[in-house]
Amino acid sequence: MIPDATPPRRIHVSAAVITDADGRLLVVRKAGTTAFMQPGGKPEPDETPAETLARELAEEVGLIVDAADLEPLGRFTASAANEPGFEVVADVFRVDIGDQQPVPDAEIAELRWVTAATASGIEIAPLARQYFLPA
């Protein structure tokens with residue numbers, strides 16, 4: 001019997017759950033893409049998932065956090081938003097940014113604070129939509 005699908009190719013990332021005082025989730029959209037997703041990204045060689053996330057938050061949205069202070073939420077899998085045929089495997093962390101204000105930098109074109117209700121008109125990446133978008 002021939003399998004009807006090849007196994008998905010995987011992209012490993014670290015991703016942040018950052019919420020504001022109103023319980024909204026921070027999502028970002030990279031330049032040249034349509035889907036909003038949690039901030040984060042792919043690891044450099046020899047980085048831990050928490051180190052990856054701390055570096056990516058500084059590069060993408062100007063947030064300075066200590067990798068040791070990130071709260072691991074687990075590993076989650078979903079379809080990749082911008083790479084058809086891939087799935088994303090994300091080490092996800094809750095991140096307390098205190099009174100820091102994120103600003104788009106590097107490849108980030110836009111950021112928004114959303115809930116399920118306010119995100120209804122925009123494309124949300126499967127990982128954020130399935131697991132982390134607050135009601």
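How much space lies in the largest pocket?

## Basis of the model

This is a predicted model, in which local features need pLDDT of at least 70 and side-chain atom pairs count only at pLDDT 80 or more, while totals for chains, interfaces and linings use all residues. Residues are numbered from 1 along each chain as its sequence is written, and side-chain values use heavy atoms, with hydrogens and water left out.

## The largest pocket

The largest pocket holds about 350 Å³ of space; a pocket here is an open set of points on a 1 Å grid over the protein atoms alone, where a 1.4 Å probe fits, with protein on both sides within 12 Å along at least five of seven lines, and lining residues have an atom within 4 Å of a point. Among its 22 lining residues, Val13, Lys30, Met37, Glu83 and Val88 are the closest to the centre. Strand S1 supplies the largest share of the lining, four residues.

## The nonpolar cores

The largest nonpolar core has 21 residues, and Val92, Leu127 and Phe132 have the most contacts inside it; such a core joins buried residues (under 20% relative accessible area, 1.4 Å probe, protein chains only) through side-chain atoms within 4.5 Å. The largest share of this core, four residues, comes from S1. Apart from it lies another core, of 19 residues, including Leu63 and Ile108.

## Strands S4 and S5

S4 and S5 run antiparallel and are joined by eight bridges, where pairing requires at least two bridges found by DSSP. Ser79 stands opposite Glu87 in S5.

Terms used
Buried means under 20% relative accessible area, exposed over 50%, partly exposed in between (1.4 Å probe, protein chains only). Helices (H or I, at least four residues) and strands (E, at least two) are DSSP runs, numbered from the N terminus. Grid points are joined across faces, edges and corners, and a volume is the space filled by probe spheres set on the points.
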